[in-house]
Amino acid sequence: MAENKEKTFVPEAGTCVPWKVKREELGEIPGNEEIVKKEWEKLEAFAYAFIWFWVQR
């Protein structure tokens, strides 16, 4: 029987995939993690707004 590695989570309001979950997926991050986190959160905010735009149409 295959092991199910998918984790279920309920994202916080305003997020699709929170940094905490993405950080676990990425593993070790070479360099400054704060830069990656900051850019991820910008992308995340854009994705959330984009989805809401299409849902509200």
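**Figure 1. Glu 33 and its salt bridge to Arg 23.** In this predicted model, Glu 33 is partly exposed, with a relative accessible area of 28%. Its side chain meets that of Arg 23 in a salt bridge, with an N to O distance of 3.0 Å. The pair joins distant parts of the chain, since Arg 23 belongs to helix α1 and Glu 33 to helix α2, 10 residues apart. Arg 23 is likewise partly exposed, at 24% relative accessible area. Side chains of opposite charge can pair when their charged atoms come close.

**Figure 2. The salt bridge between Lys 22 and Glu 25 within helix α1.** Helix α1 comprises residues 19–26 and holds both Lys 22 and Glu 25. The two residues are 3 residues apart, about one turn of the helix. Their side chains form a salt bridge of 3.1 Å, N to O. Glu 25 counts as exposed because its relative accessibility is 53%, which lies above the 50% limit for that class.

**Figure 3. The salt bridge between Glu 39 and Lys 42 within helix α2.** Both partners lie in helix α2, with a spacing of 3 residues, or about one turn of the helix. The side chains of Glu 39 and Lys 42 meet at 3.2 Å, N to O. Glu 39 is partly exposed, with a relative accessible area of 41%, and Lys 42 is also placed in the partly exposed class, at 47%. The count for the structure comes to 3 salt bridges.

**Figure 4. Glu 44, a buried charged residue without a salt bridge.** Glu 44 is located in helix α2. The residue is buried, yet has no salt bridge. The nearest side chain of opposite charge is that of Lys 22, 8.6 Å away; a salt bridge requires the nitrogen and the carboxyl oxygen to be within 4 Å. Apart from its neighbours within four places in sequence, Glu 44 is in contact with Thr 15, Cys 16, Val 17 and Pro 18.

**Figure 5. The stacked aromatic pair of Phe 46 and Phe 50.** A search of the whole structure finds 4 aromatic pairs. In one of them, the rings of Phe 46 and Phe 50 are stacked, at 6.4 Å centre to centre and with 25 degrees between the planes. This pair counts as stacked because the limit for that class is under 30 degrees. Phe 46 and Phe 50 are both in helix α2, 4 residues apart, about one turn of the helix. Phe 46 is exposed, with a relative accessible area of 56%, whereas Phe 50 is partly exposed, at 45%.

**Figure 6. The aromatic cluster and the nonpolar surface patch.** Ring pairs connect Phe 46, Phe 50, Phe 53 and Trp 54 into a cluster. These residues also belong to a nonpolar patch on the surface, formed by Leu 43, Phe 46, Phe 50, Ile 51, Trp 52, Phe 53, Trp 54 and Val 55. Together, the residues of the patch have about 870 Å² of accessible area. Phe 50, one of the patch residues, is found in helix α2, which spans residues 33–55.

Conventions. Residues are numbered from 1 along each chain as its sequence is written. This is a predicted model: local features need pLDDT of at least 70, side-chain atom pairs count only at pLDDT 80 or more; totals for chains, interfaces and linings use all residues. Side-chain values use heavy atoms; hydrogens and water are left out. Patches are made of residues with over 30% relative accessible area and no salt bridge: like charges are joined within 9 Å, nonpolar side chains (Val, Leu, Ile, Met, Phe, Trp, Tyr) within 5 Å. Accessible areas come from the Shrake-Rupley method with a 1.4 Å probe; for residues, only the protein chains shown count as cover. Rings of Phe, Tyr and Trp (its six-membered ring) pair if their centres lie within 6.5 Å; planes under 30 degrees apart count as stacked, over 60 as edge-to-face and the rest as tilted. Buried means under 20% relative accessible area, exposed over 50%, partly exposed in between (1.4 Å probe, protein chains only). Lys and Arg count as positive and Asp and Glu as negative; His and the chain ends are not counted. Contact means heavy atoms within 4.5 Å.
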